[in-house]
Amino acid sequence: MNGVSLFVRQFGDPSRPMLVVIHGGPTWDHSYLVPAVAELSDVAHVVLFDLRGCGQSSRTPPVGSLPVSALQPDHLADDVAALVRSLGAAQADVLGFSYGGMIAMRVVEQHPELVRSVVLASTTAYRDVEDELAQSADYEERHRLCPPVSFGDPALTGPEAPDGALSRAMAMAGAPMAIWRLDRLAEWHEVLDRVRFSSDWNEPYAAGKLRPAAPDDAPRVLRDWDGPALLLQGARDMGFPIGVARRLHAELPNSTLAEVPEAAHMAHFDNPSAWLTAIRAFLIRDSPTSG
């Protein structure tokens, strides 16, 4: 589709409403979300995929032949629309996690007719999150637990570095900020061990070649669309603090805010029960067959 091949995994009955899941990173693959979102197959046809430039989808050199220019966010949004159409759905619920949430907002902007509802999980519609970070009492304390990662380390970014080495190192080092349950740190490391990290995004990101993932005025895009939106944020998120979700909720009359207690950025890992309950209730409420 759109000149790329996408690696796709599906869970549940295809006759159910489609839920397309867009992973974050963007240097990660979809796998870290599977244990949680696969549970939603009781209410949705769950479709996960690797973004272009990630995992087992089309990649840039030296892994594949995709041009770096093809990693722009508008192309990623077009891929989501093409995937929905290719699977025979007229519309889909779209769940975007972190960076994927920003791409979900682009899908709303570029293909509003395809989006039945959006779940914006652990993400932000804003580019100025510094004020919210400054109000996070946990940020500095947890940041001190994260060992530094050198972008100039040839073992991570040199020509002989393994694919995704920098992203893997950053994910491992940043784990104390990504999750809230430090007693489960070893378990989170096991999740990261299974992720296929990629290096495709390193150079264009560092060189400033990539446009911002979210639309220029994402709140306006969502208001103009006016579809149902679930804003799902860990109450202890130290990447996109809870304030950004509250701020967006105040701007969107047709939104539902779910604050996941005792959960950081990886809220689906910290508190999967509360995370899934919020999504399931939202999808069932919005289902054409409910009520």
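Helix α12 (242–251) provides the largest share of the lining of the largest cavity, namely three residues. Strand β6 (229–234), like α12, supplies at least two residues of this lining; helices (H or I, at least four residues) and strands (E, at least two) are DSSP runs numbered from the N terminus. The model is predicted: local features need pLDDT of at least 70 and side-chain atom pairs count only at pLDDT 80 or more, whereas totals for chains, interfaces and linings use all residues. Residues are numbered from 1 along each chain as its sequence is written, and side-chain values use heavy atoms, with hydrogens and water left out.

A cavity is a set of points, on a 1 Å grid over the protein atoms alone, where a 1.4 Å probe fits but cannot get out, and its lining residues have an atom within 4 Å of a point. Points are joined across faces, edges and corners, and a volume is the space filled by probe spheres set on them.

| Cavity | Volume | Lining residues |
|---|---|---|
| Largest | About 60 Å³ | L120, T123, T124, A125, L231, Q233, V244, A245, L248 |

In the second largest cavity, helix α11 (residues 218–225) gives the largest share of the lining, three residues.

The lining of the largest cavity comprises six nonpolar, three polar and no charged residues. That of the second largest cavity has five nonpolar, two polar and two charged residues. Here Ala, Val, Leu, Ile, Met, Phe, Trp, Tyr, Cys and Pro count as nonpolar, Asp, Glu, Lys and Arg as charged, and the others, Gly among them, as polar.

Definitions and conventions: On a 1 Å grid over the protein atoms alone, a cavity is a set of points where a 1.4 Å probe fits but cannot get out, and a pocket is an open set with protein on both sides within 12 Å along at least five of seven lines; lining residues have an atom within 4 Å of a point.
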